[in-house]
Amino acid sequence: MMVNLYPLKELKLPIVAECINPDIFQGKKPAEIEKLEVWEGNKQKKLGELFKAEIAETEDASENTVVVIHGDISRVKRIGAGMKNGEIIIKGDAGMHLGEEMKGGKIAVYGNVLGWAGSMMKGGTIEIHGNAGDYLGAPYRGSTEGMKGGKIIVHGNVGREAGAHMHKGIVKIYGCAGQFAGFRMHGGTIYVQKDCEARTGACMVEGTIVVSGRIESVMPSFTIEGVKKKVKIEEGEVVETPFYLFLGDLTENGRGKLYVAKDKNPHLSHYEKYL
Amino acid sequence: MELLIRNGFVYDPVNGVNGEKMDIAIKNGKIVEKVNERRAKKIDASGMVVMPGGVDIHSHIAGGKVNSGRLLRPEDHFKDFERKTVTTRSGVGYSIPSTFTTGYRYARMGWTTVMDPAMPPLEAKHTHEELSDTPIIDKASYPLLGDWWFVLEYLKNGQIEECARHVAWMITATKGYAIKLVNPGGLEAWGFGRNVNSIDDPVPNFGITPREIIRGLCKVNKLLNLPHTIHVHTNNLGKPGNYVTALETMECVEDLADGDKPVIHITHCQFCAFKGDDWRTFESGAEEIANYVNAHSHVTMDMGQVIFTDTTTMTADGPFQYILYTLSGNKWVNHDVETETSAGIVPFHYRRKSFVHATQWSIALELALLIKDPWKILMTTDHPNGGPFIAYPRIIAWLMSRKAREATLKKINPKARSRSLLPSIDRELSFYEIAIVTRAGQAKALGLKNKGHLGVGADADIAIYGFNPEEMEPSKKYKAVRRAFKRAAYTIKGGQVVVKDGEVLKHMDGATMWLDVQLCEPCEIELNEDMKRRFKEYWTVGYENYPVTEDYLAVSHPITVKADV
């Protein structure tokens with residue numbers, strides 16, 4: 001079953017709509033879907049007051065529910081929060097807390113996403129074809145409950161603190177990353193294909209960060225371990241170019257791995273004398 | 001306004017009422033003999049339990065460190081929030097709720113009086129600002145005096161009467177209610193990165209021992225005729241083997257008792273009833289403590305029950321919080337409050353599967369069940385150190401039902417389960433005893449004459465719970481007990497219905513109680529001159545700005561005490 005959602009107006013107020021979730025939509029009629037409750041600003045509303053729902057029966061008889069949202073919904077928060085199955089496709093921009101604590105299924109966004117996408121994620125996949133905001137896959141402020149599994153792919157750039165407190169899973173960024181990527185990481189992998197701002201891997205204890213582009217600087221609490229010819233990101237994805245391998249963060253007695261491409265970072269060549 | 005509560009099963013231990021069906025009449029915020037039946041508003045409490053409003057002797061709800069804890073833990077709040085309604089204001093929980101939410105949540109459970117147990121005198125104004133903003137419940141706060149320089153100096157010189165005059169000034173100046181001692185001597189030592197390890201370990205730079213501080217302030221407490229005893233958080237708290245320190249602390253004031261009147265309150269006793277040499281050989285010392293308390297009448301204590309949840313520990317015991325930080329590796333706050341005390345905050349998750357945490361859970365319940373006299377052991381979680389106060393209904397269920405205890409025992413760490421004394425204890429508390437450990441006993445220990453009972457002249461603070469003891473056995477239907485205590489059918493505060501069916505109907509301000517200690521002869525001039533000089537030398541706050549004036553309290557309720565000095 002495929003559910004199409006069309007915004008009825010330009011959404012100006014912040015909306016909290018954790019009901020936009022394939023698990024909840026499954027087996028419901030459009031009228032029932034429109035009766036689900038959301039918050040618009042400080043008023044409780046029905047989903048039908050903001051969106052028009054249409055159901056298109058798909059031909060393949062797979063049981064997955066696919067939710068397609070057409071239009072800009074960058075004011076809508078918590079889409080797909082806690083989802084376990086199914087798929088959400090957003091043809092436009094999406095708001096904060098997309099796929100928060102999601103456990104399975106798939107979310108694809110053909111646009112940009114604001115902060116906390118995939119926050120506290122435990123499984124499933126999020127693919128963002130535009131840019132992502134700050135705190136990608138990171139927990140709520142103050143919490144240490146980072147990503148425990150799943151995969152996030154961003155084809156554009158991301159903001160600060162991507163993958164903070166991550167324990168498991170993979171974050172692939174095909175654009176640039178902001179400061180503090182992999183802050184307090186405990187495991188998992190972060191791959192940044194392009195450039196990376198400073199303080200990457202601050203306070204990390206374990207896990208892997210791979211930067212293929214230019215990194216602004218490597219923190220002084222990281223120590224160089226060697227040069228590697230290639231790095232495996234995940235099954236079937238290997239980057240074949242020489243990498244400096246740094247270990248850290250030593251202020252936390254960490255053994256996290258930070259790979260930085262050698263060719264793009266001539267300003268780090270002075271580390272070679274310690275090898 | 002007149003109110004008549006009809007046909008409830010009334011539990012009022014102070015007046016010996018044990019589940020009798022009777023009416024309670026209320027007029028002008030007080031309980032009276034009778035009211036005009038036609039004019040009075042009636043509440044039908046048939047098939048329900050009627051008790052005095054709950055009293056909490058030890059719950060950190062306001063002040064500097066509570067607020068720092070709120071700032072430290074945004075993640076504690078974001079999953080537990082309350083939207084504003086027509087009557088109530090919005091707020092957040094969970095382990096360190098905002099002031100409004102604190103008031104509403106206590107009221108929803110039928111609690112109407114709460115004591116904040118640790119107020120650094122320097123932060124008295126902050127504490128009172130927050131207490132004034134805590135709605136519905138009546139409250140008071142205990143200033144921390146066990147490491148206060150003046151007190152240490154007077155006691156060192158053996159000047160008990162001068163010390164008493166000074167403490168009298170302090171209590172009135174901070175608008176406090178009782179003398180609180182936290183790790184006496186240890187906090188002063190912590191200012192220099194040290195601690196004291198027994199009650200006979202000398203305090204650096206002062207040369208006196210915790211024993212002398214405890215005994216000295218106990219004598220001061222008696223000289224001033226304060227309604228509550230000294231409120232003691234023992235030395236070595238939270239360390240294996242510390243039940244010996246707790247026993248020594250109780251023993252050291254044994255000779256100061258006159259008659260059956262208690263002279264010392266050992267607070268959150270679970271945290272100082274640890275046996276064993278280290279965390280691996282850790283076990284319960286509840287039996288030894290219970291045996292001592294059963295044989296002596298000069299002690300009251302409260303449980304400090306541990307709840308399996310994510311909470312925030314906060315005490316004035318800086319060195320203990322440092323140990324917790326090293327154990328947990330969590331973020332933390334540590335603070336040295338000038339010449340007065342210290343403080344620390346560490347988020348902490350008590351886990352069922354942890355041997356130590358599960359044993360701690362067991363120790364508190366063992367204490368509550370092994371101490372025969374319920375007037376001596378009161379129910380608390382040391383909110384939020386053992387768990388948030390909203391867990392009280394669960395503790396009540398554990399105390400009332402062996403079945404409830406067994407259900408939890410099944411889920412805890414197997415090693416802790418096999419060593420727990422709980423399977424050997426059959427005792428189940430009745431509603432009468434629950435009324436003692438949650439209200440009457442607490443009010444009695446605090447010396448609150450108008451609280452914790454339903455006799456004529458008492459404050460009309462009443463809780464009504466939807467549980468029919470004639471139809472249901474609380475030991476079997478423990479889940480129904482839990483539900484009933486979670487959402488009181490009615491909470492009446494000062495003769496007004498504030499909560500109905502767990503919903504707050506009315507926003508009202510509770511009073512802040514404080515002691516106006518009146519000395520036999522005023523001696524202020526001499527005291528002022530000395531203090532002014534010292535304040536200039538050592539404090540960041542001027543002597544003139546230090547005291548909390550009465551107009552600072554939203555609703556002031558002074559209690560006059562006539563001292564013997």
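My entries on helices, a sheet and the chain contact follow.

**Ground rules.** I am working with a predicted model, where local features need pLDDT of at least 70 and side-chain atom pairs count only at pLDDT 80 or more, while totals for chains, interfaces and linings use all residues. Residues are numbered from 1 along each chain as its sequence is written, and chains are lettered from A and ligands numbered from 1 in the order in which they are written. I took helices (H or I, at least four residues) and strands (E, at least two) as DSSP runs, numbered from the N terminus.

**H10(B) against H12(B).** I looked up helix H10 (residues 286-295) and helix H12 (residues 355-370) of chain B, and found an angle of about 25° with the axes 9 Å apart. The axes are lines fitted to C-alpha atoms, for helices over the stretch in contact, and angles run from 0 to 180 degrees between N-to-C directions. H10(B) and H12(B) are therefore roughly parallel (angles under 35 degrees count as such). On the H10(B) side I noted B:Ala286, B:Glu287, B:Ile289 and B:Ala290, which meet B:Ile363, B:Glu366, B:Leu367 and B:Leu370 of H12(B); contact means C-beta atoms, placed from the backbone, within 7 Å. By class I get six nonpolar, no polar and two charged residues. Here Ala, Val, Leu, Ile, Met, Phe, Trp, Tyr, Cys and Pro count as nonpolar, Asp, Glu, Lys and Arg as charged, and the others, Gly among them, as polar.

**H9(B) against H10(B).** Next I checked helix H9 (residues 243-251) of chain B, which packs with H10(B) at about 10°, axes 10 Å apart. H9(B) contributes B:Tyr243, B:Ala246, B:Leu247 and B:Met250, and H10(B) contributes B:Glu288, B:Ile289 and B:Tyr292. I count six nonpolar, no polar and one charged residue in this contact.

**H5(B).** Which residues of helix H5 (residues 149-156) of chain B are buried? I found B:Phe150, B:Val151, B:Leu152, B:Tyr154 and B:Leu155, buried meaning 20 or more other C-beta atoms within 10 Å of a residue's own, with C-beta atoms placed from the backbone. Their cover includes helices H6 (160-174), H7 (186-190) and H8 (210-224) of chain B. Just after H5(B), B:Gly158 has a positive phi of about 70°.

**Sheet in chain A.** I traced an open, mixed sheet of four strands, ordered E4-E3-E2-E7; strands pair if DSSP finds at least two bridges between them. Strand E3 (residues 37-40) of chain A runs antiparallel to E4(A), joined by four bridges. One entry I kept: A:Val38 has A:Lys45 in E4(A) as its bridge partner.

**Between chains.** Four residues of chain B are in contact with four of chain A.

Note on methods. Parallel < 35°, antiparallel > 145°, perpendicular 65-115°, else oblique. Contact = placed C-beta atoms within 7 Å. Buried ≥ 20, exposed ≤ 12 C-beta atoms within 10 Å, placed from the backbone.
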